[in-house]
Amino acid sequence: MAPLRRLLLPLLPALALALGPAAAGAAGEERRHRRHLLALEALGEAEELSASLRAAGLPGDLPELEPECRRLLAAFAEGSAALAGCLGRRARPVRLCQACHRHYRRLLAQYGTIARAVGNSSESHNCAKSILTSDRLQVVVMLSEFFNETWEAANCANCLKNSSEGLSNSTVEFLDLFNKSLTCFEHNLQGQTIDLSPNNYTEVCKNCNATYKMLNDLYNNLQRMNRQGGESGHSAHLCIDVEDAMNITRKLWSRTFNCSVPCSDTVPVIAVSSFILFLPVVFYLSSFLHSKQKKRILILPKRIQSNASLVNIQEKYS
């Protein structure tokens, strides 16, 4: 008996059980014995085919990648694992763009090296076909598309410089104000521990109002600038890091601390609203005054009246 067959023969009963449920009685035993024989025949054919391939000078574990292709595939696998780990660790609170942009840029370069098949040798020329399109699943292509779609959905390009080498100046300024706001919240909460009322955050609202207002104004300016530059091809949304940071700060400010930012445009808004509300009164009052006209009274002169009476007398006597 062949070595492979002798090695796997003790495992055949377990293999037969895995192939299907056992039937009761002699009929079940006969079916199990028949499955044993079929499994033995299949193993024998596989071993003979493998031996014939080795005799023909072909490797036994076909298909085999060339050394250069294996190196490229290993580098892409390590880059994918690093990026996936970074995305998972920075999922909450969201810090994807600022923490993982180096991993993403490195993975893009690794995938580009595979796709371009850099090199003059036949080995590197065949790497793109062997790694990317040699099977139906195309795992490397699927992983690359997943990371690209995740990166685009996060709008990380709106947080980075054009070359994606680091955070943009506006993003750095925003994150600096965000950290200052959180530090102000924490500092004033520690100084307010003596207060017995857990919902009284007057010190936080008073001392952190200026910092929060600057952060909120900067976020609104970034949104406005991003909408104006929407023709660049980027989404109208800011990157997910900035949006999540602002959402966290607003929830703390309005819901947790129950603070409010006084609007500096209150007086003009009240004046304009009052003027608009008063317009109907002015309109109807002016319409009423102009619609009331004095009636004209026709007064005939006395001379005309005497002439008319004379005419009547003459008609009477004629």
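Because the model is predicted, local features require pLDDT of at least 70 and side-chain atom pairs count only at pLDDT 80 or more, whereas totals for chains, interfaces and linings use all residues. Residues are numbered from 1 along each chain as its sequence is written, and side-chain values use heavy atoms, with hydrogens and water left out.

The chain contains 13 helices and zero strands, where helices (H or I, at least four residues) and strands (E, at least two) are DSSP runs numbered from the N terminus. Of its 318 residues, 25% count as buried; buried denotes under 20% relative accessible area, exposed over 50%, and partly exposed the range in between, with a 1.4 Å probe and protein chains only. The chain exposes about 22600 Å², of which carbon and sulfur atoms supply 59%. Accessible areas come from the Shrake-Rupley method with a 1.4 Å probe, and for residues only the protein chains shown count as cover. Among contacts (heavy atoms within 4.5 Å) between residues at least 6 apart in sequence, 67% join residues at least 24 apart.

A search of the whole structure finds six disulfides, each a pair of cysteine sulfur atoms within 2.5 Å. With bonded cysteines counted along the chain, their pattern is 1-5, 2-4, 3-6, 7-11, 8-10, 9-12. One of the disulfides joins Cys-69 and Cys-127, with sulfur atoms 2.0 Å apart. This pair links distant parts of the chain, since Cys-69 belongs to helix α4 (residues 67-89) and Cys-127 to helix α6 (residues 122-132), 58 residues apart. The torsion about the S-S bond of Cys-69 and Cys-127 is about -95°, so this disulfide is left-handed. Both Cys-69 and Cys-127 are buried.

Because Cys-86 lies in helix α4 and Cys-100 in helix α5, the pair ties together parts that are 14 residues apart in sequence. The S-S torsion of Cys-86 and Cys-100 is about -95°, so the link is left-handed. Cys-86 counts as buried because its relative accessibility is 4%, and Cys-100 counts as buried because its relative accessibility is 0%.

Cys-184 and Cys-208 form a further disulfide, their sulfur atoms again 2.0 Å apart. Here Cys-184 is in helix α8 and Cys-208 in the loop between α9 and α10, 24 residues apart, and the pair links distant parts of the chain. The link of Cys-184 and Cys-208 is left-handed, with -100° about the S-S bond. Cys-184 is buried at a relative accessible area of 14%, and Cys-208 is buried at 1%.

Side chains of opposite charge can pair when their charged atoms come close. Five salt bridges are counted, each defined as a side-chain nitrogen of Lys or Arg within 4 Å of a carboxyl oxygen of Asp or Glu. In one of them, Glu-68 and Arg-71 meet at 2.8 Å, N to O. These two residues are separated by about one helical turn because they stand three residues apart in helix α4. Glu-68 is partly exposed at 24% relative accessibility, as is Arg-71 at 47%. In helix α8, Asp-176 and Lys-180 lie four residues apart, about one turn of the helix, and their side chains form a salt bridge of 3.5 Å, N to O.

Thr-211 touches Leu-177, Lys-180 and Ser-181, not counting residues up to four places away in sequence. Thr-211 counts as buried because its relative accessibility is 17%, whereas Lys-180 is partly exposed at 47%.

Helix α11 (residues 240-256) has 17 residues and reaches 22 Å from its first C-alpha to its last, close to the 24 Å expected at 1.5 Å a residue; the expected span is 1.5 Å times one less than the number of residues. Its buried residues include Asp-241, Glu-243, Met-246 and Trp-253. The buried residues of α11 pack against α5 (96-116), α8 (169-190), α9 (202-207) and α10 (209-228). Just after α11, Asn-258 takes a positive phi of about 55°.
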